[in-house]
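Here is a friendly tour of one model, taken a region at a time. Have the structure open beside you as you read.

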Amino acid sequence: MTFEQKIFQHFCELIPGLTTRQFSQLCGRSNNYYCSLQSQNLPMSNTALIHLAEVLGYYKDLGKDRAHSQSIQNLLAEEIARRQQKTPRTSFEVQRLISQAFAKIAMERDRAQSPLPI
C-alpha cells in the first residue's frame, strides 16, 4: 500500500463515506486529483499534503476525533520532512541554512498568530 493510499484510508476512517472526489477537494485540488495520481502511480504534491494537514487542524479545532487527526497530521509532517531530506543539496551547510530558514519562518508565523503575552 502506498503512502497516499494509507492517508486516504485514514481520512476514510475519520470521515465515513468519504469519496475520492471529496478527498481530492480536501487536498485543495480538482475533483479527479487523487484518482489521477493513483492511475499514474504518482506521489501527492507537498502542497496537497500541507493542505491536508491544515484541514486536520480545523477538524481538531472542531473537536472531531482529535487523537486520530493528530496522528494523521504527524504522518503527513513526517512524509514532508522525509521528502525534504531527499532533496539533493550540494553541502551540509546548505542543508543547515535551509533548516534554519524553516525554523525562522515558523517562529515568525507563530509570533504573528499568537496573542501578545500580558
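## Helix 4 and its end

In helix 4, the buried residues are A48, L49, L52, A53, V55, L56, G57, Y59 and K60. Buried here means under 20% relative accessible area, exposed means over 50%, and partly exposed is in between (1.4 Å probe, protein chains only). Helices are DSSP runs of H or I with at least four residues, numbered from the N terminus.

With its 16 residues, helix 4 reaches 23 Å from first C-alpha to last, close to the 22 Å expected at 1.5 Å a residue. That expected span is 1.5 Å times one less than the number of residues. After helix 4 comes G63, which has a positive phi near 80°.

## How to read the model

This is a predicted model, in which local features need pLDDT of at least 70 and side-chain atom pairs count only at pLDDT 80 or more, while totals for chains, interfaces and linings use all residues. Residues are numbered from 1 along each chain as its sequence is written, and side-chain values use heavy atoms, with hydrogens and water left out.

Now step back to N41, which sits in the loop between helix 3 (33-40) and helix 4 (46-61). The phi of N41 is near 55°, a positive value in a residue other than glycine. N41 is also exposed, at 63% relative accessible area.

## A salt-bridge network

How many salt bridges does the structure hold? There are 3, each defined as a side-chain nitrogen of Lys or Arg within 4 Å of a carboxyl oxygen of Asp or Glu. Side chains of opposite charge can pair when their charged atoms come close. In this model, E4, E79, R82 and R83 are linked in a network of such bridges.

Begin with E4 and R83, whose closest N and O atoms are 3.4 Å apart in their salt bridge. E4 belongs to helix 1 (residues 3-14) and R83 to helix 5 (residues 66-86), so this pair ties together parts that are 79 residues apart in sequence. Both partners are buried: E4 has a relative accessibility of 7%, and R83 has 17%.

E79 is buried at 13% relative accessible area, whereas R82 is partly exposed at 42%.

## A nonpolar surface patch

Next, look at V94, I98 and F102, which form a nonpolar patch on the surface with about 230 Å² of accessible area together. Nonpolar patches join side chains of Val, Leu, Ile, Met, Phe, Trp or Tyr within 5 Å, from residues with over 30% relative accessible area and no salt bridge; like charges are joined within 9 Å. The areas come from the Shrake-Rupley method with a 1.4 Å probe, and for residues only the protein chains shown count as cover. I98 lies in helix 6 (residues 92-113).

## Cysteines

Finally, a search of the whole structure finds 0 disulfides, a disulfide being a pair of cysteine sulfur atoms within 2.5 Å. C12 is partly exposed at 25% relative accessibility, and C35 is partly exposed at 38%.

Key
Helices (H or I, at least four residues) and strands (E, at least two) are DSSP runs, numbered from the N terminus.
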